[in-house]
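Biologist: I am new to this structure. Please show it to me, and then I will ask about a few places in it.

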Amino acid sequence: MCGIVGYIGDRDAYPILVKGLRRLEYRGYDSAGVALVNGSGTLSVYKTKGKVDDLENYCAEKDVSGQVGIAHTRWATHGEPSSRNAHPHYSESKNLAIIHNGIIENYADLKKKLQQKGIPFRSDTDTEVLVQFVEYVQQKKSLDLLTAVQLVLHEVIGAYAIAIVDKRTPDTIIAARKQSPLVVGIGEDEFFLGSDASPIIEYTSRVVYLEDGNIAVMKRGKELQVVNIYNTKLPHEVKTVDISLGQIEKGGYPHFMLKEIFEQPECLTNCMRGRINVEADNVTLSAVIDYKKQLLAARRVIIVACGTSWHAGLIGKQMIENLCRIPVEVEYASEFRYRNPVVGAGDVVIAISQSGETADTLAAVNLSKERGAFIYGICNAIGSSIPRATDTGSYIHVGPEIGVASTKAFTGQVTVLAMLALAIGKERGTVARAEYEKIVKELVSMPAKIEEVLTVNDRVKDLSRTFTYARNFIYLGRGYNYPVALEGALKLKEISYIHAEGYPAAEMKHGPIALIDSDMPVVVIATHNAMYEKVLNNIQEIKARKGRVIALVSKGDETICQIADECIELPDTIECLEPLIASIPLQLLAYHTAVCKGKNVDQPRNLAKSVTVE
Ligand code: F6R
């Protein structure tokens, strides 16, 4: 969603803010803006529709001096993408400027009241209501900025991360958080602010992750103060982040997505490091050791997630049911949270989220927690909201994922789910030693096997040129590969804008087969597993209707390669780990198709990396 950056100190704020916006641009990007306060007490707001480049062009001739500033990239919720609706928003007198990520749910009501008092509005956003309201109470009650913000936040319903500056107190930035992430970076006599740590780490590794209800007061040359809306001082922990700059830069690849696809062998090695003891064929997850009692007592597991993380959850379901013999339900977090679900003591809820900030997943976690379930998080972004709300969990440790289309997070999530199923299955005695050892060995070999799959890159690139004509794609898979089909289809549609559907292969006969003709590419995951013969039959059915089959097959499979139009060979592995292998060519297919079509791979239209509004 929207990206927030802030700076107060002795350096020029503008270059820091713009660089920070670029690092956050993946979150949302229909417009961008900056507010700068300079030494003579001038507050200048520059904003424009478009990307950070457009903002820089717009600012080229402007006075961008000032050592205090806030900046924003917007992903529209209220009001179309336009310069008018871009942040920061001035108050009526132009003494204040605000940036905001989130949604103010009672904004219409508040706006009406302010309009009745004669306050005009310049934008269609919910955000402008906040700044006008702060100014209104400031003027009416002669309040300082902090007190006015506290008063206004009493009245506000919704989710927010905000930062606000007042030109009359140019040595202060005030920021507040409720259900939208916000991180303060602490330097030498300077503060940085970010929606996540990525705009900050270049300058300092000391950060404070604000909690819901926190208001941070950043005053030049003073200690950070954190208070709540009642002005009670709150303790805050300074943490050290260990993300390197290299981890969030492209490293010679044309796009983050391609870099992240190619990073997967290394990412999975990092994900398993310290958790798999190769000599002893053993998986150790500290969360499973520390919370053995709660996990072993589970009468049921409920996995909550969205999008790609939900697909990983579908794979996790099969792993946990097979290895632990515990029933597992997989829920879209957005549906789960609103349908009065039966959840409570004795349930283990696993929340999967790359960003750790997805609003629906976080709400599903909080709901389940309130009802007494034990919550286990599987997340990537360290210190994000979901891991902080859970009872325990395992990070996937694949490093920052910047490309909007999730790739390495998916394989990291599947890897953690496999380790979790093995660890719990072993404790429950539901997995035979031989089976356990086989899976552990195979997990350890995954980075090398993924390295091998990545050699199909050029072949997939050629193939993608053949199919850019297509307006629709079907993806088929069975068992563990059914979620891979869903994931392949999602990747293609989100970055190439080609409509694609994933189906369990056997379901094809119940409807989708009607779509098949000589224009329809059908991607079939047809590896040598228990379902091989059945999937082979499905391929015959597609060919009989002149569909164009792109098959992912096990190495040396001549039978399917003679029937299919295109074949991509994959190294053999055991069935439950096939998703880790089969998803790679599908990520590449989506990537190259989008590149062939000239699409913006890392920042597809309408999408945001971190969906912090519901
Ligand atoms: C697709 C994609 C999204 C996310 C979804 C959940 O490539 O990235 O579908 O998977 O928005 O996000 P997280 O995992 O951050 O909760």
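Predicted model: local features only at pLDDT ≥ 70, side-chain atom pairs only at ≥ 80, totals over all residues.

Biologist: Is S198 buried or exposed?

Modeller: S198 sits in the loop between β10 (191-194) and β11 (206-209); helices (H or I, at least four residues) and strands (E, at least two) are DSSP runs, numbered from the N terminus. Buried means under 20% relative accessible area, exposed over 50%, and partly exposed in between (1.4 Å probe, protein chains only). Because the relative accessibility of S198 is 7%, S198 counts as buried.

Biologist: How are α15 and α20 oriented to each other?

Modeller: Helix α15 (residues 433-453) packs against helix α20 (residues 578-596) with axes 10 Å apart and an angle of about 20°. Axes are lines fitted to C-alpha atoms, for helices over the stretch in contact, and angles run from 0 to 180 degrees between N-to-C directions. Angles under 35 degrees count as roughly parallel, over 145 as roughly antiparallel, 65 to 115 as roughly perpendicular and the rest as oblique. The angle therefore makes α15 and α20 roughly parallel.

Biologist: Which residues does C576 contact, leaving aside its neighbours within four places in sequence?

Modeller: C576 lies in the loop between β26 (566-570) and α20, and is buried because its relative accessibility is 11%. Its C-alpha atom is 6.8 Å from that of M319, although the two residues are 257 apart along the chain. With contact meaning heavy atoms within 4.5 Å, and with those neighbours left aside, C576 touches M319, I439 and Y480.

Biologist: What is the omega of the peptide bond between H87 and P88?

Modeller: P88 is in the loop between β4 (68-74) and β5 (89-90). Most residues other than glycine have a negative phi, and most peptide bonds are trans. The bond joining H87 and P88 is cis, with omega about 0°.

Biologist: Is N340 buried or exposed?

Modeller: N340 belongs to the loop between α11 (333-336) and β19 (347-353). N340 is not a glycine, yet has a positive phi of about 45°. Because its relative accessible area is 59%, N340 is exposed.

Notes. Residues numbered from 1 in each chain as written. Heavy atoms only, no water.
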